[in-house]
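Hello,

Here is the structure we talked about handing over. Please look through it first; my notes on what was found follow below.

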There are 2 protein chains.
Amino acid sequence: MTISTPQRQLLADAALRERASAVVPGGVYGHMSVMRQMPPSYPQFYSRGSGARVHDVDGNEYIDFMCAFGPMIAGYANPVIDAAAREQQVLGDALSGPTSHFVALAELLVETVAHAEWAMFAKNGTDATSIAVVTARAATGKTKLLKARKSYHGANAWFTPAPAGVTAADRANIIEFDYNDIASVETAVAEAGGDVAAIIVTPFRHDGLTDQEYATPEFAVGVRAIATRIGSALILDEVRTGFRIDAAGAWEQYGVRPDLTAFSKGIANGYALAAVVGIDAFKQAASEIYVTGSFWMGGVSMAAAVATLGILTNGGIAAMTSAGDAFRTGIQTQAEAHGFTVVQTGPVTMPFLRFEDDAELSTVFAFTDAAIRRGVILHPWHNMFLSAAHTDDDIRDALERTDDAFAETRSLFPL
Amino acid sequence: MTISTPQRQLLADAALRERASAVVPGGVYGHMSVMRQMPPSYPQFYSRGSGARVHDVDGNEYIDFMCAFGPMIAGYANPVIDAAAREQQVLGDALSGPTSHFVALAELLVETVAHAEWAMFAKNGTDATSIAVVTARAATGKTKLLKARKSYHGANAWFTPAPAGVTAADRANIIEFDYNDIASVETAVAEAGGDVAAIIVTPFRHDGLTDQEYATPEFAVGVRAIATRIGSALILDEVRTGFRIDAAGAWEQYGVRPDLTAFSKGIANGYALAAVVGIDAFKQAASEIYVTGSFWMGGVSMAAAVATLGILTNGGIAAMTSAGDAFRTGIQTQAEAHGFTVVQTGPVTMPFLRFEDDAELSTVFAFTDAAIRRGVILHPWHNMFLSAAHTDDDIRDALERTDDAFAETRSLFPL
């Protein structure tokens with residue numbers, strides 16, 4: 001058997017990398033930088049997208065299972081969402097006050113998210129988690145924030161995973177517990193000595209470099225009970241999970257409702273928007289904090305969000321789930337056929353993939369490198385994202401290519 | 001003489017306010033909320049803008065001297081900028097990596113801003129000031145941040161002017177000095193005991209509720225010399241002033257160059273974008289911090305920024321300055337004709353207006369209320385903004401209306 005190892009031209013990409021390195025620290029920074037922690041064949045720069053497919057700047061097409069790390073949730077260049085946004089864009093985005101979309105979107109979130117009785121808007125996921133924390137402190141008059149070890153809640157000095165430039169004071173009010181370990185939450189509460197403003201938690205454990213882990217019902221119910229008992233806020237960080245599990249709230253399945261929820265990423269299908277929703281008991285405090293941003297009242301992303309939520313709550317999440325199911329099943333079957341044991345965790349709309357006995361990630365790096373050269377964007381150590389625009393054809397084409405990628409990987413790691 | 005006191009229909013506005021109050025804390029929050037600290041006749045909700053004019057949701061037109069609090073700098077619905085943005089929007093905004101606009105804009109900022117040797121992008125002005133601070137800490141290994149008392153540098157817990165929800169730890173590393181008082185900077189340095197990561201300062205003092213104050217040359221040169229002497233970064237916060245004074249840097253007039261500058265607001269004419277630029281000595285540190293956001297790599301606002309900077313550096317700032325000069329002169333002449341002494345301070349592109357002997361703001365509230373009812377958006381206690389799209393006709397029409405507004409104000413406060 002001859003194994004093909006396709007290559008692509010990445011000439012424009014290479015030229016842009018060189019220019020970027022001259023004028024941007026690290027070339028490209030943040031979660032989209034591929035230069036430091038990704039297999040070698042990943043393109044860095046993209047030009048366009050349509051449905052579930054994107055093109056890099058050299059014109060190569062990919063079926064995209066990263067979805068811009070989450071913002072794309074109903075398809076690149078979705079015609080319905082883009083038309084709604086465009087209708088407001090020609091009228092104006094940043095004006096000297098909000099538009100009617102501000103009210104319409106707040107009403108829609110209150111109607112859609114089970115616990116939501118009010119909403120506020122911002123631009124970054126970090127804005128949303130931070131507003132929730134500040135609101136919780138204003139409401140409770142307490143200080144400490146309890147979070148799970150390694151859980152990502154944003155990239156400001158409170159939360160960023162890198163230590164560079166962060167001071168001890170920035171973290172002085174954060175106490176960590178272990179995800180799915182209620183005893184460790186109680187220990188953190190005791191350490192705080194009653195001064196807990198909020199417990200912030202993601203709906204499932206979606207840390208990088210490790211199997212994704214659902215919240216146990218005991219954990220979800222338990223943190224809710226603890227927050228209520230000690231008079232602190234329960235903040236659900238749905239920046240990543242929002243509208244990819246349950247539009248009413250990712251913990252509705254456990255019958256657990258938070259006091260405050262942070263959304264961003266997929267809420268407007270890539271238009272820059274974040275939202276905080278909360279229950280009435282926190283509304284007065286939320287009106288007393290001062291948070292704002294130059295572009296937070298812009299109507300375009302809010303019009304886009306109304307259209308996006310309409311799609312997601314009318315079959316979009318079901319379509320995404322169906323596509324994710326088919327992809328997971330296909331990958332599992334292919335892996336076995338090629339003699340690999342892969343471990344797939346997390347919701348099928350936010351899949352995480354690793355190979356067994358691959359502590360150094362060499363197998364998964366080889367596999368995702370082989371896939372990217374065949375036009376499939378996967379991630380070797382971060383959860384991926386499905387969208388409502390991943391069609392049967394997209395999944396079939398992607399699986400044809402991953403089958404070849406498994407074959408190439410097997411040729412590099414013979415049995 | 002009969003004084004007309006025009007009224008407008010604000011029925012749609014009133015209906016939206018009522019709906020907003022039900023689902024948003026405080027109805028509208030942040031710097032665009034008019035319900036708590038503004039004269040009674042201001043509309044809260046807008047529908048569209050074109051050039052220097054905006055329409056509220058009831059269809060009333062205004063000549064806008066707030067420019068969305070700064071983001072609008074080259075005209076609402078600017079055809080050149082919107083075409084550049086639209087060209088990328090139809091291809092895609094948030095993709096699974098940056099576009100070529102990321103590189104082009106970084107190169108343009110390095111070319112345009114005198115001290116800039118690199119650039120990074122984000123979404124909020126607060127992102128930009130915060131990234132500059134974290135970069136300074138990473139580069140210097142020091143902790144404290146020196147800022148001027150009352151200077152606004154953003155709305156996160158480090159900077160927000162409201163105390164609600166802010167902890168002592170959030171402010172533990174901030175030491176304040178007085179703007180234009182070098183001795184007070186030295187006192188702050190001494191208090192920090194050598195542990196100063198950065199001095200952050202606005203190009204002029206543009207605090208609300210007070211006359212705007214240019215930096216004295218001694219102050220600008222002095223903070224530069226102190227930062228250099230003690231091995232800390234000088235951060236210029238140009239979020240508000242950026243590209244409204246000098247595209248090369250607002251302190252070029254003093255021959256003073258900062259190490260890091262924060263931009264946002266006008267940089268992309270209302271498309272959500274922020275930027276940090278810096279000198280090479282801080283580039284390595286900037287590559288070591290972890291900052292990112294879901295939408296920070298989006299190409300649309302970067303394409304808009306390239307077009308915006310092209311307009312501003314090719315006559316745009318001059319046009320804005322000329323319009324601001326004419327408006328200031330006209331207001332001064334009218335005030336005197338009506339027997340008022342008004343005090344206008346700050347750059348003509350960012351004017352601040354107060355009435356003498358008006359400590360309770362009753363005269364300026366009456367005047368700006370009279371102006372808004374005649375279709376001119378002014379601000380009674382915050383700096384205003386001109387744009388490159390304020391035409392001679394806009395200034396002439398505005399001044400016709402402010403003349404009437406002065407007359408109405410005089411009728412309320414007879415000599």
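In chain A, strand E1 (residues 46-50) pairs with strand E2 (residues 53-56) in the antiparallel sense, over four bridges. Two strands count as paired if DSSP finds at least two bridges between them, and helices (H or I, at least four residues) and strands (E, at least two) are DSSP runs, numbered from the N terminus. This is a predicted model, in which local features need pLDDT of at least 70 and side-chain atom pairs count only at pLDDT 80 or more, while totals for chains, interfaces and linings use all residues. Residues are numbered from 1 along each chain as its sequence is written, and chains are lettered from A and ligands numbered from 1 in the order in which they are written.

Within this pair, Tyr46(A) has Asp56(A) in E2(A) as its bridge partner. E1(A) and E2(A) form a hairpin with two residues between them, and Gly51(A) in the turn has a positive phi of about 60°. The hairpin of E2(A) and E3(A) has four residues between the strands, and in it Gly59(A) takes a positive phi near 90°.

In chain B, four strands form an open sheet in the order E1-E2-E3-E15, with mixed pairing. Its edge strands are E1 and strand E15 (376-377) of chain B, each of which pairs on one side only. Strand E3 (residues 61-64) of chain B and E15(B) run parallel and are joined by two bridges. The bridge partner of Asp64(B) in E15(B) is Ile377(B).

**The seven-stranded sheet**

Chain A has an open sheet of seven strands in the order E4-E12-E11-E10-E7-E5-E6, again with mixed pairing. Strand E4 (118-122) and strand E6 (174-177) of chain A stand at the edges with a single partner strand each, so one side of each is left without a neighbour in the sheet. From one strand to the next the twist averages 20°. Helix H5 (residues 182-192) of chain A packs on this sheet, touching strand E5 (144-148), E6 and strand E7 (196-201) of chain A, and its direction makes about 155° with that of E6(A). For such angles, axes are lines fitted to C-alpha atoms, for helices over the stretch in contact, and angles run from 0 to 180 degrees between N-to-C directions.

Strand E11 (residues 260-263) and strand E12 (residues 274-278) of chain A run antiparallel and are joined by four bridges. Ala262(A) has Val276(A) in E12(A) as its bridge partner.

**Domains of chain A**

The domain assignment (bounds come from an automatic or database assignment) gives domain 1 (11-76 + 315-412) and domain 2 (79-312) of chain A. Taken over C-alpha atoms, the centres of the two domains are 27 Å apart. In the contact between them, 21 residues of domain 1 meet 20 residues of domain 2, where contact means that the C-beta atoms, placed from the backbone, lie within 7 Å. On the domain 1 side, the elements that give two or more residues are helix H8 (299-337), strand E13 (342-345) and strand E14 (352-355) of chain A. H8(A) supplies the largest share, three residues.

**How the two chains meet**

Chain B can be laid on chain A with an RMSD of 0.0 Å by a turn of 180° and a shift of 0.0 Å along the axis, superposed by least squares on the C-alpha atoms of residues with pLDDT of at least 70 in both. That is the relation of a two-fold axis. The C-alpha of chain B nearest the axis belongs to Ala169(B), 2.6 Å from it.

Across the interface, 90 residues of chain B are in contact with 90 residues of chain A. H4(B) gives the most to the chain B side, with seven residues. Of the interface residues of chain B, 100% are also interface residues in chain A, so the copies meet through the same surface.

One helix pair in this contact is H1(A) with H3(B): the axes of helix H1 (residues 11-23) of chain A and H3(B) come within 9 Å and cross at roughly 35°. Leu16(A), Arg19(A), Ala20(A) and Val23(A) in H1(A) meet Ser100(B), Val103(B), Ala106(B), Glu107(B) and Val110(B) in H3(B).

Regards

Note on methods
Two residues are in contact if their C-beta atoms, placed from the backbone, lie within 7 Å.
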